[in-house]
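Visitor: I'd like to learn how to read this fold with you, feature by feature. Where do we start?

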Amino acid sequence: NFLRGTASDRSSAVWGNLTMPGLRPLGFDKTSVEARLDAAKDEGKFGATLSRSMPINESLSVSLQNSYSVRQSLASGGPATSGAPLTISPPANAPATATAAPTWALDQTVRLNVDPSGTTFSAGAGSSTADALWHNKLSMEQILLGPLKLTTSVEDAGTTATKKSISAGFKRVW
């Protein structure tokens, strides 16, 4: 039922995230794996992040993160009738169409954590096969109250395509 209907009436997403100890022989102390299927965007994503944190002193630490991901467009066969299985087969006389190639991405980030204030400064760069360019990113995250955080970021600073954002959110783990 996940792919049933047109893209405009699908708003379901299924995702999972698993965090575990890192690959110590390679120098990482934390590993995170994420998988996501998003019907609204007609895509799936699978990624992994490897990180290592090192204390500088009692109130400062630095983290190095390497993230790798692949994003693939989902097959979209148009509206399906209720109860019928989703089939994707073009008519016999339809021209052959190419499926979209997966998009591979790499992000590398350095994070400076200031423990007493709950502030984190980040600087990083990322690239993907979508445009084959490196994009720089600067951000700051501040804990406001409990799990509530405020994040500001600037991507591609100094270019004509600069992206700026301010977001607030909270994370609850149970």
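**Reading the strands**

Guide: Start at a turn: in the hairpin of E2 and E3, which has four residues between the strands, Asp42 takes a positive phi near 55 degrees. Before we go on, this is a predicted model, where local features need pLDDT of at least 70, side-chain atom pairs count only at pLDDT 80 or more, and totals for chains, interfaces and linings use all residues. Residues are numbered from 1 along each chain as its sequence is written, and side-chain values use heavy atoms, with hydrogens and water left out.

Visitor: How many helices and strands does the protein have?

Guide: Helices (H or I, at least four residues) and strands (E, at least two) are DSSP runs, numbered from the N terminus. Here there are zero helices and nine strands, so the elements read β-β-β-β-β-β-β-β-β from the N terminus on.

Visitor: And in what order do the strands form the sheet?

Guide: In general, strands of a sheet pair through backbone hydrogen bonds, either parallel or antiparallel. Two strands count as paired if DSSP finds at least two bridges between them. In this model the nine strands form an open sheet in the order E1-E2-E3-E4-E5-E6-E7-E8-E9, with antiparallel pairing. Strand E1 (13–21) and strand E9 (163–170) are the edge strands, each pairing on one side only. From one strand to the next, the twist averages 15 degrees (axes are lines fitted to C-alpha atoms, for helices over the stretch in contact, and angles run from 0 to 180 degrees between N-to-C directions).

Visitor: Which residues stand opposite each other in these pairs?

Guide: Take the pairs in turn. Nine bridges join E1 to strand E2 (residues 30–38), and Trp15 stands opposite Arg36 in E2. E2 and E3 also pair in the antiparallel sense, over nine bridges, with Ser32 opposite Thr49 in E3. Then 13 bridges join strand E3 (residues 43–55) to strand E4 (residues 60–73), where Met54 has Val62 as its bridge partner.

**Reading the surface**

Visitor: Is Ser61 buried or exposed?

Guide: Buried means under 20% relative accessible area, exposed over 50%, and partly exposed in between (1.4 Å probe, protein chains only). Ser61, in strand E4, has a relative accessible area of 14%, so it is buried. Contact means heavy atoms within 4.5 Å; not counting residues up to four places away in sequence, Ser61 touches Met54, Pro55, Ile56, Arg111, Leu112 and Asn113. Across the protein, buried residues make up 20% of the 174 residues.

Visitor: Where is Ala157, and what is it in contact with?

Guide: Ala157 is in the loop between strand E8 (148–155) and E9. Its relative accessible area is 36%, so Ala157 is partly exposed. Leaving aside neighbours within four places in sequence, Ala157 is in contact with Asn136 and Thr162. Lys137 is 20 residues from Ala157 in sequence, but their C-alpha atoms are 7.5 Å apart.

Visitor: Which residues form the nonpolar patch?

Guide: Patches are made of residues with over 30% relative accessible area and no salt bridge; like charges are joined within 9 Å, nonpolar side chains (Val, Leu, Ile, Met, Phe, Trp, Tyr) within 5 Å. A salt bridge is a side-chain nitrogen of Lys or Arg within 4 Å of a carboxyl oxygen of Asp or Glu. Here Leu144, Leu145, Leu148, Leu150, Ile166 and Phe170 form the patch, with about 650 Å² of accessible area together (Shrake-Rupley method, 1.4 Å probe; for residues, only the protein chains shown count as cover). Strand E7 (134–145), E8 and E9 each give two or more residues to this patch. Leu150, in strand E8, is partly exposed at 32%.
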